[in-house]
Amino acid sequence: MESIGNRTLGRTGIEVSALGFGCWAIGGEWATPDGQPLGWGKVDDEESVRAVRRALDLGVTFFDTADAYGTGHSERVLARALGKRRADVVVATKWGNVIDEDRRLCTGSDDSPAYVRRALTASLRRLDTDHVDLYQLHLSDADPERAAQLRDTCEELVREGLIRSYAWSTDDPARAAVFARGPHCAAVQHRLNVLQDAPELLALCEESNLASINRSPLAMGLLTGGQSAGRPLEAGDIRSAPPAWLPGFRRDSGADPDWLARVDALRDILTSGGRTLAQGALAWLWARSPRTVPIPGFRSVAQAEENAGALARGPLTAAQLAEADRVLGR
């Protein structure tokens, strides 16, 4: 068992730790105007700051947030936690959702080229920085023709030194390919975990020399061992009223028993070598492709330490990867 080294964000030369940290959860509660929760429930900002700093101490150098997370709150907390260590890390954020910071609401979306600059200016202010290392379109189903214009706008922002690279957060390979044609496109952010494979997107990353940034690497908590069927989640947690794009949970009743059964079937494979279930899920991602950079969420120092602990244990073996596929019938 060998520890895993750093990874490069595609063709940009930007080096990051093989494990990133996703900052959705530390944004706290936010919602749509009709009350659909979009966050992960209440959060302790002081603990979030401690967790980010602990991750830094453990070698994590990549932090992924978005202007929408907590309607700006996640960006502010991350900036506070990084402080003078901003130069030591790679910061990614996203744009495309329109937010009302005072009411903590996501009020719509804007895919216009003009909005990119307005959103970036606001993010730079909240992040207390003069540039973003990776700027990502947060509208997964944006029109491809409009996205080509947004790609060109991102190239302008690179030339101006406001961003170093860009990406699209989408699960559609055809859409991701539009951004991939840009010289400074560095990655695709997409859903990937042992329960939900994405072979077409991984193939695109390989063909286009892009990093595969993996959101939902722990299947929204199903692969942590902390979820159970019939146990409702708090009202401010998106998983308590899951939208159509969020499988694995049932409204007002917690985790889906069928999904938990699949996790149990994988347990022996993922917990090999003294790993926790979550560490094994991250190890599967590293074994799946040398381009993967999983970004598990966190809300506590304990979660940060557990996730970062996976780095020292390295990827699963090819045989374990194949066994996981067999168990899942793939």
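Leaving aside neighbours within four places in sequence, which residues is S112 in contact with? Select R146 and L150: S112 is in contact with both, leaving those neighbours aside, where contact means heavy atoms within 4.5 Å.

Two notes on the model before going on. This is a predicted model, in which local features need pLDDT of at least 70, side-chain atom pairs count only at pLDDT 80 or more, and totals for chains, interfaces and linings use all residues. Residues are numbered from 1 along each chain as its sequence is written, and side-chain values use heavy atoms, with hydrogens and water left out.

Stay on S112. S112 sits in the loop between β7 (105-109) and α3 (113-127); helices (H or I, at least four residues) and strands (E, at least two) are DSSP runs, numbered from the N terminus. With a relative accessible area of 17%, S112 is buried (under 20% relative accessible area; exposed is over 50%, partly exposed in between; 1.4 Å probe, protein chains only).

Next, select residues 97-100, strand β6, together with β7. The two run antiparallel and are joined by four bridges; strands pair if DSSP finds at least two bridges between them. N97 has S109 of β7 as its bridge partner. Four residues lie between the strands of this hairpin, and R104 there takes a positive phi near 55°.

On the α2 side, show E75, R76, L78 and A79; on the α3 side, S123, R126 and L127.

Move to helix α1 (residues 45-57) and helix α9 (residues 301-313), whose axes come within 8 Å and cross at roughly 20°. The pair is therefore roughly parallel. Show E47, R50, A51 and R54 in α1, which meet V301, A304 and E305 in α9.

Last, select N307, also in α9. N307 counts as buried, at 4% relative accessibility. Not counting residues up to four places away in sequence, N307 touches L19, F21, L218, A278, L282, P296 and G297.

Methods. Axes fitted to C-alpha atoms, helices over the stretch in contact; angles between N-to-C directions. Parallel < 35°, antiparallel > 145°, perpendicular 65-115°, else oblique.
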